[in-house]
Amino acid sequence: MTNDFFNIDGSLSEEERAIRDSVRAWVNDRVLPIIGQAYVDGRFPKELIPEMGAQGFLGANLPEEYGCAGLNNVSYGLIMQELERGDSGIRSFASVQGALVMYPIYAFGSEEQKRRLLPSMAKGETIGCFGLTEPDFGSNPSGMITMAREQADGSWILNGGKMWITNGSQAHVSVVWAKTNGDPDASSIRGFVVPTNSKGFSARDQKGKLSLRASDTSELVFQDIHLPADAILPKSGGLKSPLMCLTQARYGISWGAMGAAMACYEECLAYAKNRVMFDKPIAGFQIQQERLADMLTEIVKAQLVSLHLGRLKDAGTFTPQQVSLAKRNNVSMATDVAREARRLLGAVGILAEYGAMRHMANLESVYTYEGTHDVHSLILGQAVTGLNAFN
Amino acid sequence: MGGTIFLVNFFTMGAAPVKIAVCIKRVPEMDGAFKIAASGTAVDETGLKWDISDFDGYAVEAALQMTEKLGAGEVHVISLGPDVVQETLRKALSMGCARATHLKCDVVPFDPFAIASALAAELQGGGYDLVMFGKMSIDSANGAVGLMVADLLGMPMVHGCSKLDIAAGAGTARREIEGGGELVRFSLPAVVSIDEGIARPRYPSLKGIMAAKKKPMDVKPAQLGPVRLTVQKMDLPAARAAGRILGEGAAVVPELVRLLQQEAKVI
Ligand SMILES: Cc1cc2nc3c(=O)[nH]c(=O)nc-3n(C[C@H](O)[C@H](O)[C@H](O)COP(=O)(O)OP(=O)(O)OC[C@H]3O[C@@H](n4cnc5c(N)ncnc54)[C@H](O)[C@@H]3O)c2cc1C
């Protein structure tokens, strides 16, 4: 196998390979034939959601007792890799649903919230979104101004708004992070499960995106939303809680980006072997061989990073800083691979019929969300120097 | 009270659970390029990916759909070969089959009769209503094992079913034949082999993959029949000569016609 140059398969269990192969077959049959057109149309293919649920792709590393597949973290990563081999938008849907909505309900929710929400979210019957970013607070979410105020009877009134929210306009529930009771300090941040049909909730799709076009990205507005006392995630507290969710999602993204890179590499490798120019396949020219060798090398390095990180996560010893390194490296690597693949393809590389340019454009969002590349540089910088360069 | 008992009896009599065996083969995926091994008589297996043979996968899916439709019954899967076939069997378990039997031997012989003998020995006395095969394996493409098993078991055989249905004691099947179709009826127990078009194999769900680990897998030595047929030599088709581009547009048509007439001699 060209894309398994280092026999990574040999380091996966039979079960992990079976999971990867099953997701890959699903993506080949269901996603690849429709995704180019969905992207051009700017449409998230939501008809795929029930199947993703039935196959067990959503929240797959959460326990079986809540209707999830109960897989290890390497298997979870492989699912993300294969979904993003299809499209970053499909993977984003699964990341948000699993790591950013189901995970906080699992980690910070009451038993009642878990039993009520997780099984139907695993099936894809209930769709979630995650609201952290605000128009004026992106890389610095601790500055958020969305506010929830507790009422005398224990219920809450929520005001504010969120920006760039994946799945925002199609979600049934939104996990919203808000400061509480007028306290501007980040330590007052709590998570709330907000039904999107609440009075005072509105969502509007972001128009004019040139990236992640097969994904819904929305702006949310909360106007005097009245939430019952049990809307709060009782075990959430401070900025640390949403950051824990981001660590989960970023871990999956480090695998996902690799899927996009592999798709680009394989596409342009096949093309290079067949495209004849100056009387021989372009793969026979040194410049293209160097290009392919660079792509292959970077993909293999990223695979080893993510696989090792997954084993650390399964052992329970991974750190958020290690996740930052993997997200930063792998996403940046994938943007480079996608761009080089597009260039190798020549003119056909600008068509939606080929994946490279779609992946290339998608990966620019992935480069920015879940902590921009720069923010991860600062996290790593702080980890190695002990000096905070954020502000 | 009596009514309840009557109903229970009636139910179990009416829908006697069917027992189906599907024999599956582990084969290399066909989309890669093949090399011949140093022995000259087999394919070089390095770097190949393996899966259930296509037609066998259709058979597994068709069997599962029949038991699901009947609401009762079990599908067993059987495969013959070295230990790695257990992975292929587990894939069938992850799709929903109830139990697997691995008939163990170091190499899968080429002689279909040797394989059929081992399968028939296992199937004999297993109490199966239906034994299913793919129409042929996509690697050796003999299409013979199922027919031989039917003969060894003394059962009716329908080869190449594109539709299949079973009900109390009998089955019906459709076969595609040159220029039309053929509907056949047969008594159970029977052996059938499956053509494409019957059912697309489901993707194993992730829960199915986890559940497969806990399902029974019996391992028995394969009682192979005598091997009287071996491959002497394999060769690859001659490489196609590279194409030639004459140019673009109407101006090159006369030259194209001339070459097709005089050089390729096809028009
Ligand atoms: C398609 C898409 C989907 C998204 N989905 C979600 C979602 O579901 N939920 C959610 O909450 N958010 C989501 N986001 C938001 C995303 O997380 C933010 O865009 C991201 O955190 C960056 O914030 P910003 O866009 O405001 O950029 P800014 O923070 O304004 O950054 C602008 C630039 O400044 C740089 N920068 C910022 N701070 C520093 C610093 N201290 N030092 C040096 N450079 C700095 C950044 O790296 C960047 O280059 C999504 C974004 C996109 C594009």
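Into which classes do the residues of the shell around the ligand divide? In this predicted model, the shell consists of 10 nonpolar residues, nine polar residues and one charged residue. Of the 20 residues around the ligand, those that come nearest are Leu132(A), Gly138(A), Ser139(A), Thr372(A) and Asp374(A). Strand 1 (128-131), strand 3 (156-166), helix 9 and helix 10 (373-385) of chain A each give two or more residues to this shell. Domain 2 (128-231) and domain 3 (240-385) of chain A each supply at least three residues of the shell around the ligand.

Helix 9 of chain A also packs against helix 6 of chain A, at an angle of about 160° and with the axes 10 Å apart. Because angles over 145 degrees count as roughly antiparallel, the two helices are described as roughly antiparallel to each other. Their crossing is left-handed. The residues that meet are listed below.

| Helix of chain A | Residues in the contact |
|---|---|
| Helix 6 (residues 240-274) | Ile253(A), Ala257(A), Ala260(A), Ala263(A), Cys264(A), Glu267(A), Cys268(A) |
| Helix 9 (residues 356-368) | Ala356(A), His359(A), Asn362(A), Leu363(A), Val366(A) |

By class, this contact between helix 6 and helix 9 of chain A has nine nonpolar, two polar and one charged residues.

Between the chains, 13 residues of chain B are in contact with 15 residues of chain A. On the side of chain B that touches chain A, helix 3 (85-95) and helix 6 (206-212) of chain B give two or more residues each. Helix 6 of chain B provides the largest share, four residues. That side of chain B has five nonpolar, three polar and five charged residues.

Notes: Residues are numbered from 1 along each chain as its sequence is written. Chains are lettered from A and ligands numbered from 1 in the order in which they are written. This is a predicted model: local features need pLDDT of at least 70, side-chain atom pairs count only at pLDDT 80 or more; totals for chains, interfaces and linings use all residues. Axes are lines fitted to C-alpha atoms, for helices over the stretch in contact, and angles run from 0 to 180 degrees between N-to-C directions. Angles under 35 degrees count as roughly parallel, over 145 as roughly antiparallel, 65 to 115 as roughly perpendicular and the rest as oblique. A crossing is left-handed if the near helix is turned anticlockwise from the far one by less than a right angle, and right-handed if clockwise. Two residues are in contact if their C-beta atoms, placed from the backbone, lie within 7 Å. Ala, Val, Leu, Ile, Met, Phe, Trp, Tyr, Cys and Pro count as nonpolar, Asp, Glu, Lys and Arg as charged, and the others, Gly among them, as polar. A residue is near a molecule or strand if its C-beta atom, placed from the backbone, lies within 6 Å of it. Domain bounds come from an automatic or database domain assignment.
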